[in-house]
Amino acid sequence: MAISTVTHVLLTGGIGSRLWPLSRKTLPKQYLELFEGESLFEKTVVRNINVSNKTIVVGNIENYKMSNVIMSKFSKPFTHIVEAVPRNTAAAIAFAAFASDPEDILLITPSDHIIEGKNSYTLALQQAISLANQNYLVTFGIKPTKPETGYGYIEFEKENVIAFHEKPNSKTAETYLKKGNYFWNSGLFCFKAAKFLVELEKQEPEVYWASKAVWDVNKDGFLDYDLSMNIPSISIDYAVMERSNDIKVVPAHFEWSDLGSFESVYDYLVQKGHPIDANKNIAIGTSLHTTFIGVKNCILIYTTDALMVLQKENSQEVKQVYQQLESIASPLL
């Protein structure tokens, strides 16, 4: 790889509301050891450990101890930034950039994605690092395999981004698939620390200065709650990627899933040999004998305090259940 210092920035703040009841505030999906006996967090560290010189973990006060347990399995030192309150990805990445040397190349990855195909992944990273060295902000695009409504899309021409598009309805998603010059937005990014901060200050000065004020008084990576509340909660996509003129997209030929729904968890588990019946129903989280009669493509999710049965195709509706429980301040979250 290039001689640049590459810092792997792990974003661990998500709560995985679409995977309730498996994923809870006290045990978000990136820490669930559902995936061949490992957590998604651990898989993410392993995948990037040889392509980066440094590691920064950005998490929150509720999950940083779980992150520390996983990081202790590796002999590699790391910087831990602990947010007092989540302020979305623009601020989280700004903290990592403030903690880095200006010329460091940041490889930003969520901690709850599955990526398979090591060689393809390494090639995509090399391409991204080369572009980042030319002072571009790089995103990774995934070639769609179906008209997915759960992801944002990137409209592209070669490595140039024409536009970012919000999560579409099913008709629009089908149009994107047919046109062929639309990628799924993977949530992976690569750029120099200084370049990101310059763009953030230009596009969203309020986020930049409020984040800087918080970072300037951090105590060993722990951030102040009251000051953090001054930071507008904005995603990196909206704050920078959709508005900068210096964006490039690298096509990702590796297998990728954000495991953002039970449909994608189902597909992953079945691919890995999870038991499935003749009508393509599966049970997760229980060794109890489970029989499905008269239904197809169903998932039964069992935990000690909650039981959910859903049609695989209706996985995106789980978030509504989560929001409903949130509205009554349910202890089940």
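This is a predicted model: local features need pLDDT of at least 70, side-chain atom pairs count only at pLDDT 80 or more; totals for chains, interfaces and linings use all residues.
User: Why are helix 3 and helix 7 called oblique to each other?
Analyst: Helix 3 (residues 88-98) and helix 7 (residues 205-216) pack at an angle of about 55°, with their axes 10 Å apart. Angles under 35 degrees count as roughly parallel, over 145 as roughly antiparallel, 65 to 115 as roughly perpendicular and the rest as oblique. Helix 3 and helix 7 are therefore oblique. The axes are lines fitted to C-alpha atoms, for helices over the stretch in contact, and angles run from 0 to 180 degrees between N-to-C directions. Helices are DSSP runs (H or I, at least four residues), as are strands (E, at least two), and both are numbered from the N terminus.

User: Which residues make the contact between helix 3 and helix 7?
Analyst: Helix 3 contributes Ala 90, Ala 91, Ala 94, Phe 95 and Phe 98, and helix 7 contributes Val 207, Tyr 208, Ser 211, Lys 212, Val 214 and Trp 215. Contact means heavy atoms within 4.5 Å. By class, this contact of helix 3 with helix 7 has nine nonpolar, one polar and one charged residues. Ala, Val, Leu, Ile, Met, Phe, Trp, Tyr, Cys and Pro count as nonpolar, Asp, Glu, Lys and Arg as charged, and the others, Gly among them, as polar.

User: What makes helix 3 and helix 6 oblique?
Analyst: Helix 3 and helix 6 pack at an angle of about 135°, with their axes 9 Å apart. Helix 3 and helix 6 are therefore oblique under the ranges above. In this contact Ala 90, Ile 93, Ala 94, Ala 97 and Phe 98 of helix 3 meet Ala 193, Phe 196, Leu 197 and Leu 200 of helix 6. The residues divide into nine nonpolar, no polar and no charged.

User: How is helix 6 placed against helix 7?
Analyst: Helix 6 (residues 193-203) and helix 7 pack at an angle of about 120°, with their axes 5 Å apart. That makes helix 6 oblique to helix 7. Leu 197, Leu 200, Glu 201, Lys 202 and Gln 203 of helix 6 meet Pro 205, Val 207, Tyr 208 and Trp 209 of helix 7. These residues divide into six nonpolar, one polar and two charged.

User: What is in the largest nonpolar core?
Analyst: A nonpolar core is a set of buried Ala, Val, Leu, Ile, Met, Phe, Trp, Tyr and Cys residues joined through side-chain atoms within 4.5 Å. The largest has 41 residues, and those with the most contacts inside it are Phe 191, Phe 196 and Leu 200. Its largest share, nine residues, comes from helix 3. Leaving aside neighbours within four places in sequence, Leu 200 is in contact with Ala 90, Ala 94, Pro 205, Val 207, Tyr 208, Ala 239 and Val 240.

User: Why is helix 10 called largely enclosed?
Analyst: Buried means under 20% relative accessible area, exposed over 50% and partly exposed in between (1.4 Å probe, protein chains only). Seven of the 10 residues of helix 10 (residues 262-271) are buried, so helix 10 is largely enclosed by the rest of the structure. The buried residues are Phe 262, Glu 263, Ser 264, Val 265, Tyr 266, Tyr 268 and Leu 269.

Terms used
Residues are numbered from 1 along each chain as its sequence is written. Side-chain values use heavy atoms; hydrogens and water are left out.
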